[in-house]
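User: I am new to this structure. Please show it to me, and then I will ask about the terms.

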Amino acid sequence: MAETVLTHSGQSPARLDGWRGIAADWASDQRTFKNVSWGKAMMWIFLLSDTFIFSCFLLSYMTARMSTTVPWPNPSEVFALNIAGNHIPLILIAIMTFILISSSGTMAMAVNFGYRRDRVRTAALMLVTAAFGATFVGMQAFEWTKLIMEGVRPWGNPWGAPQFGASFFMITGFHGTHVTIGVIFLIAIARKVLRGDFDVERRGFFTSRKGYYEIVEIMGLYWHFVDLVWVFIFALFYLW
């Protein structure tokens, strides 16, 4: 039986240190994460598993790039745009990065106003974040269309190593899927916030039954993770 120590009030067990505390947590017939809600804990576990997946993708890409004997296409040329007769390298990627990083700021403000129970500002900032995310996905769709029209395929491309196309579509497509899912959830939760579901404890989708705004913070964890992953993709795929 797991050892627990009661506080003077007799209401909650004191936390044990080290491995004994971990064993007591997992063996006790209580909530495992005593100071963290299940929703937040499960989001952190999901993000940890997603970190492994993105890490495998990026490591596979770096391995393919360093081991290929065929020259790797130059990202500054592949991802350049002609604007007003000027050949500008990585301009679209720079704008996409700025938009996604800006969305982290609006999401952080949404979490702040959420805990203040300011429904209007919280919902508005979440919708602004969703708009940033949708803009990012739209620009990524434009980027994909442009490269496909130029002959990029998962099995080859006109500029060099055939692994380039597979790496590009796999990494950016997987990340873009995460952004798209995030936009959908942002809109859904913003709607629930705006109509006051978390204030009246209305039961419904995404479990708004407890009447608090922690779901906004959980959504923020996901969104900040998506933004952080893009920083690594930007550095390793577009700048390298």
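Analyst: First, a definition: helices (H or I, at least four residues) and strands (E, at least two) are DSSP runs, numbered from the N terminus. This is a predicted model, where local features need pLDDT of at least 70, side-chain atom pairs count only at pLDDT 80 or more, and totals for chains, interfaces and linings use all residues. Residues are numbered from 1 along each chain as its sequence is written, and side-chain values use heavy atoms, with hydrogens and water left out.

User: What makes up residues 164-190, helix or strand?

Analyst: By that definition, residues 164-190 are 100% helix and 0% strand. Their end C-alpha atoms lie 38 Å apart.

User: Why is helix 4 called roughly antiparallel to helix 5?

Analyst: The axes of helix 4 (residues 91-115) and helix 5 (residues 119-149) cross at roughly 160° and come within 8 Å. Axes are lines fitted to C-alpha atoms, for helices over the stretch in contact, and angles run from 0 to 180 degrees between N-to-C directions. Angles under 35 degrees count as roughly parallel, over 145 as roughly antiparallel, 65 to 115 as roughly perpendicular and the rest as oblique. Therefore helix 4 is roughly antiparallel to helix 5.

User: Where is proline 162, and why does it count as partly exposed?

Analyst: Proline 162 sits in the loop between helix 5 and helix 6 (163-194). Its relative accessibility is 36%. Buried means under 20% relative accessible area, exposed over 50%, partly exposed in between (1.4 Å probe, protein chains only). So proline 162 counts as partly exposed.

User: Which residues does proline 162 contact, leaving aside neighbours within four places in sequence?

Analyst: Contact means heavy atoms within 4.5 Å. On that basis, proline 162 touches Pro154, Trp155, Gly156 and Asn157.
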